[in-house]
Amino acid sequence: MSLIKDSCEFRSRRDHAHFILYDLQEYDINYLQALLEDNKTIIAQHETAAMQQGYGPLVSCTYVACSSQHTQHCSFWHCGLDGILAPGKLARLSVKCPTEYLIYTPHDLLACPSIVVISTKLHSHPPPAPVKTPASLEAVLIDLLHGMAWRLADATPRRIMLDSGFRTGLQNHLGCGSENFDLSDLHSSLANLDHVRYIVGKYYYSAVQLLVNNDLTVPTCYVRCAEIHHLSNGANFYLVICMSPQMSNHLMHATRISLDTSFKCVAQWQEFEIQSWDNYHKRSVVSARAFFNCQSAEAHFILFRHIFEIAVQDSNQPVAFHYMHGHDIESVVADAHQGQGIGLGMFCQYLCRGNTLPCQYQPSQRLCDLQPIDHLKRIYRLCTVHCSRNLTQLRHKVSQNAWTAMHNLSSFEPIELARTCQIIRSEGKKANTWLDNKILGNKFALAGLYFPESLMPAEFWKACSRTSNGNEQAHRSINRNGTGHTLLAGVMHGQEYDERAFRSIAIHNSYGINTQYQASTHHFRASRSVSRHGRLAIGTI
């Protein structure tokens, strides 16, 4: 019994430095095989079908970049005349822009400090994105950096915006009475953190010289809930929910979401996030943030109910799951925490109360008759990274055959389930405990790992992420500001992070400026993942 994988012919159990790719079942094998074999007929069939759905390398491209960006290729992959997939190559517009400007300047600018600019004829091109910072505004930024003195030695775009002196200077220059501002308010090009890092890097030498010489306006709609609930076991459940209207709208338009809880940000509180990938802006977005002190199923039910009630209030649209209503949320990725999972199932059961319509995936079942576990089998998928991490503890306590059988339970393709369980049970107490947890203790875990036990459609299973890495990255970004905060400090750091994210999205909508030079396309993220796994394998030799 073996995993569905592809590996280098020289890879062995004792030599892990050679390449191996797991989870081939998550990809369209027929299309990959056709690409490798250069079977143009099958390639054309797959790409034409994708084009009819509005995506793929045959779709017309609308990507435009101004010359100052020095970009040579499009962010998307296209099929050339030779049939080879490659990023589109940008071509300079050959049509000369017919627009002419007439500029009238007075002889005495002191007496008449105004000029007149008259534009004639229409432009033959879209307006260029403001990707370059004007010299006058860059000088303002450098002057503010100079005021940081020795703190500039380890300055980053994040740290300079956390420096009180820098923020005060920027606020005075902007003439802004609110506390909600950042560098993009000085100029839109500064929304690109790589660009800010480049400007800061040019000024590092001055910081080295300094070391050698030794010389509440709070938005009305963010903290939406601060309550104490009395649970059935007599405990008090403290709950704080932070969601802006933009976060609510993003949640209500998401189709694939992931959940995760962190324990580091705020002392004696847990930080919970709902996250989803925004494919248009090529970034993960936090749609809800909450702080609480209990992780029981009842507590999570209260949490989910309040979050979606706020989202409904902000967006004026009802909560919709695909298996209930035929649209919106298709899948949820999370770890195997029973309180979190059962709490979500209880919320879905709450949504279906009195609904006698049949389930979209299993017409023989009425929605109102489904139990929490039944709901989870239709939407819930476990994070494979969490599962693999837990299996690492058993790596040297079971045989290779049992180790492979444990991994085989996380599979899209059907396996001999009874035979696999028999192999695991033959390995002793620890292996039996692990298997009992997946089958008997956590009754939704097997359906979240093994597709044939799930009721989720195959296309949704393949489309959803296998991990909750987006949540982990969001937690890590927040924790860079420090850990073990008070509750107020944790809320303020979360507010700053979320507002900065949606301000960046607004700038991307207006000008097409990303937070990085390289857009996080699927190809870029997949290539980086392969590269990181390769370096990790080399490091273990």
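1. Arg305 and Glu309 lie four residues apart in helix 9, so about one helical turn separates them. Their side chains form a salt bridge (3.9 Å, N to O), the term denoting a side-chain nitrogen of Lys or Arg within 4 Å of a carboxyl oxygen of Asp or Glu. Arg305 is partly exposed at 23% relative accessibility, and Glu309 is partly exposed at 40%. Here buried means under 20% relative accessible area, exposed over 50%, and partly exposed in between (1.4 Å probe, protein chains only).

2. The model is predicted: local features need pLDDT of at least 70 and side-chain atom pairs count only at pLDDT 80 or more, while totals for chains, interfaces and linings use all residues. Residues are numbered from 1 along each chain as its sequence is written, and side-chain values use heavy atoms, leaving out hydrogens and water.

3. Twelve salt bridges are found in the whole structure. One of them joins Asp314 and Arg224 (2.8 Å, N to O). Asp314 belongs to helix 9 (residues 297-315) and Arg224 to strand 7 (residues 223-230), so this pair ties together parts 90 residues apart in sequence. Helices (H or I, at least four residues) and strands (E, at least two) are DSSP runs, numbered from the N terminus.

4. A salt bridge also connects Glu273 and Arg289 (2.6 Å, N to O). Glu273 is in strand 10 (residues 270-278) and Arg289 in strand 11 (residues 283-292), 16 residues apart. Glu273 is buried, at 0% relative accessible area; Arg289 is buried, also at 0%. Glu273 and Arg289 belong to a salt-bridge network with Glu271 and Asp498.
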